[in-house]
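Please keep the sequence and the structure in view while you read.

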Amino acid sequence: MQIWNVDDDYIPTMNMEILEGRNFDRQFGTDSTAMLINESAVAILGVKPKEALGMRIIRNFENGTSNNFTIIGVIKDFNYESLRENIGALSMTLGRSTGSLAVKLEAGNFSHSISSIEGIWNKVAPGSLSAIDLWRTPLIPPMKQSSS
């Protein structure tokens, strides 16, 4: 199961649908040990989405420690990898992810939005390669259509 660290704005920003339960909430101190899972994770548990609420999941860390998390919500499956892959089990916990940034843009003037993001990025991490730079220069050539 993939485990993502997100904040309480991630689900609404990405327009994800919560099927059962609720999103993370800053007002609940217990959400530091809360977890959202997707439908595929529920299927592995062998229960219905509503029955998954309140279940406890143990997360083992590389340093040998572990934490108990309580499922507070079930989100609708979505493709987070190649569309050629089956949707896998996914869980989300509250935390800081220093490896990525999600930005929701309105349709329209993308050039202005990208310029604004680059300006902020250059203030926060001057001289470092931004995701926008990577986006403009693909590391992997586009996949060819298969004939099957």
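Helices here are DSSP runs of H or I with at least four residues, strands are DSSP runs of E with at least two, and both are numbered from the N terminus. Counted in this way, the protein, which is seen here as a predicted model, has five helices and six strands.

**Overall build**
- Read from the N terminus on, the elements follow the order β-α-β-β-α-α-β-β-β-α-α.
- The protein has 148 residues, and 24% of them count as buried.
- Among the contacts with a separation of 6 or more, 61% are between residues 24 or more positions apart.
- The accessible surface amounts to about 10,700 Å², and carbon and sulfur atoms account for 53% of this surface.

**Thr93**
- Thr93 lies in strand β6, which covers residues 90-94.
- Thr93 has a relative accessible area of 1%, and because buried means under 20%, this residue counts as buried.
- The side chain of Thr93 is joined to that of Arg59 by a polar contact of 3.4 Å.
- Leaving aside residues up to four places away in sequence, Thr93 touches Ile3, Trp4, Asn5, Val6, Phe24, Ala34, Met35, Arg59 and Phe69.

**The cavity**
- Rolling a probe the size of a water molecule over the atoms shows where empty space is left.
- The count gives one cavity of 30 Å³ or more, and the largest cavity has a volume of about 30 Å³.
- The lining of the largest cavity is formed by Phe78, Asn79, Tyr80, Glu81, Ser82, Glu85, Asn86 and Ile87, and these lining residues divide into three nonpolar, three polar and two charged.

Conventions:
Residues numbered from 1 in each chain as written. Predicted model: local features only at pLDDT ≥ 70, side-chain atom pairs only at ≥ 80, totals over all residues. Heavy atoms only, no water. 1 Å grid on protein atoms, 1.4 Å probe; cavity = no way out; pocket = protein on both sides within 12 Å on 5 of 7 lines; lining within 4 Å. Points joined across faces, edges and corners; volume = space filled by probe spheres on them. Nonpolar A, V, L, I, M, F, W, Y, C, P; charged D, E, K, R; others polar. Buried < 20%, exposed > 50% of the residue type's maximum accessible area, 1.4 Å probe, protein only. Polar contact = N/O pair within 3.5 Å; in protein donor to acceptor, adjacent residues only side chain to side chain. Contact = heavy atoms within 4.5 Å. Areas by Shrake-Rupley, 256 points an atom, 1.4 Å probe, with all protein chains shown as cover.
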